Amino acid sequence: MRILIIGGTRFLGRHLVESALANRHEVTLFNRGKTNPSLFPQAETIIGDRETDLDKLSGRIWEAVIDTSGYLPRIVRLSAESLREAGSVSRYVFISSISVYKDFKKIGIDESYPVGQIEDETTEEITGEAYGPLKALCEKAVEDIFGTERTLIVRPGLIVGSYDPTDRFTYWPIRVARGGEILAPEKPEASIQIIDVRDLSDFIIKLIEENAFGTYNATGPDYKLTVGKLLEVSKQVSGSDANFKWASVEFLNQNNVQPWSDMPTWIPDDEEGVGASCVDISKAINAGLKFRPLEETVHDTMEWAKTLSSDHEWKAGLSAEREKELLAALKGE
């Protein structure tokens with residue numbers, strides 16, 4: 001198949017390219033050429049901005065386009081309209097997010113759960129509150145133009161693995177590998193959900209090959225994963241002497257330790273977030289979503305992290321100094 005990928009050289013995009021090429025598809029990248037421009041010499045690259053240079057795609061035919069970088073409804077609509085009017089693609093694949101849901105007050109949220117809304121639908125300021133509703137409006141824009149049977153929407157949860165720019169998962173394996181006392185959130189049995197970027201990429205390419213349409217939640221794994229399991233696997237894989245010190249939600253709140261950022265991958269299972277790590281993925285599993293062992297994801301993430309510069313500025317997790325202060329406070333020192 002001929003697949004057009006908008007983006008394709010950073011995180012999910014680069015893994016999608018690798019998965020597509022591994023399955024012998026013909027890939028064309030459309031991006032600004034600013035991130036890893038020479039990454040895929042075996043794939044055609046069209047340099048352009050999706051806001052101003054869509055005319056560069058006219059006169060070409062692809063079986064599908066994968067939009068990995070759509071955040072603003074106006075720009076996504078522009079892309080969809082241009083590709084539809086030119087007859088360039090048969091199917092529009094939009095990578096969305098489970099953040100589209102209006103809340104996480106329910107365990108087992110499936111694809112039919114209501115999405116969030118935003119008062120000013122024209123805003124182009126992507127804040128934590130606006131991100132999900134804007135993604136939902138992007139989904140609607142694609143469906144309005146391509147119709148439901150030519151639109152495939154994938155809603156990932158936390159995507160993890162090599163080249164992750166967020167550090168939301170990478171922090172834990174690397175911190176555990178350093179060993180010593182480690183501040184951990186809430187309790188070992190607290191639920192989390194993640195998906196290896198390679199498993200997600202393979203699943204998306206599989207859906208395209210099968211001409212699938214509709215909406216799929218895509219996170220994982222296919223069993224209840226916990227913070228304790230992640231940390232123990234990280235300890236086993238690294239062989240460290242890590243000693244986990246579990247801090248209550250009350251302690252973390254009192255010390256202004258934020259879930260998801262200071263304590264990555266974790267969201268407290270209170271009234272507001274009880275469903276955030278228990279999203280229903282049965283539709284995706286039934287459609288063929290597969291999961292590699294957690295040990296493999298942890299190991300490969302650690303290996304990739306070795307390539308990070310020594311002065312890498314972590315975007316998630318605690319600094320060594322801040323963690324030391326919190327551990328002392330936890331002990332009552």
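**Questions about a predicted model**

Reader: Which residues of α6 are called buried?

Author: In this predicted model, the buried residues of α6 are Val227, Gly228, Leu230, Leu231, Val233 and Ser234. Each of them is called buried because its relative accessible area falls under 20%.

Reader: What do the buried residues of α6 pack against?

Author: They pack against the helices α4 (171-178) and α9 (294-305), and also against the strands β8 (181-185), β9, β12 (225-226) and β13 (243-247).

Reader: How do you know that the length of helix α6 agrees with its number of residues?

Author: Helix α6 runs through residues 227-238, which makes 12 residues, and at 1.5 Å a residue these should span 16 Å. The expected span takes one less than the number of residues, and the end C-alpha atoms of α6 are 17 Å apart, so the two values agree.

Reader: Why is serine 191 called buried?

Author: The relative accessible area of serine 191 is 18%, and the cut-off for buried is under 20%, so serine 191 counts as buried. Serine 191 has its place in strand β9, which covers residues 191-192. If its neighbours within four places in sequence are left aside, serine 191 is in contact with Lys224, Leu225, Thr226, Ser277 and Cys278.

Reader: What makes phenylalanine 203 and tyrosine 216 an edge-to-face pair?

Author: The count of aromatic pairs in the model comes to 7. In the pair of phenylalanine 203 and tyrosine 216, the ring centres are 6.0 Å apart and the planes stand at 80 degrees. Phenylalanine 203 lies in helix α5 (residues 197-209) and tyrosine 216 in strand β11 (residues 214-218), so the pair ties together parts that are 13 residues apart in sequence.

Reader: Are these two residues buried or exposed?

Author: Phenylalanine 203 has a relative accessible area of 2% and tyrosine 216 has 9%; because the limit is under 20%, phenylalanine 203 is buried, and tyrosine 216 counts as buried too.

Reader: Why is the pair of phenylalanine 244 and tryptophan 246 called tilted?

Author: Their ring centres are 6.4 Å apart, and the limit for a pair is within 6.5 Å. Their planes stand at 55 degrees, whereas stacked needs under 30 and edge-to-face over 60, so the pair is tilted.

Reader: How many residues of the lining of the largest cavity are nonpolar, polar and charged?

Author: The largest cavity has a volume of about 30 Å³, and its lining is made of Gly161, Ser162, Arg198, Thr297, Asp300 and Thr301. The lining divides into no nonpolar, 4 polar and 2 charged residues, because Asp and Arg count as charged and Gly is among the polar ones. The element that gives the most to this lining is α9, with 3 residues.

Reader: Which element gives the most to the lining of the second largest pocket?

Author: Helix α3 gives the most, with 6 residues. This pocket has a volume of about 210 Å³, and of its 14 lining residues, Val115, Gly116, Ala136, Leu137 and Lys140 lie nearest its centre.

Conventions: Residues numbered from 1 in each chain as written. Predicted model: local features only at pLDDT ≥ 70, side-chain atom pairs only at ≥ 80, totals over all residues. Heavy atoms only, no water. Helix = DSSP H or I, 4+ residues; strand = E, 2+ residues; numbered from the N terminus. Buried < 20%, exposed > 50% of the residue type's maximum accessible area, 1.4 Å probe, protein only. Contact = heavy atoms within 4.5 Å. 1 Å grid on protein atoms, 1.4 Å probe; cavity = no way out; pocket = protein on both sides within 12 Å on 5 of 7 lines; lining within 4 Å. Points joined across faces, edges and corners; volume = space filled by probe spheres on them.
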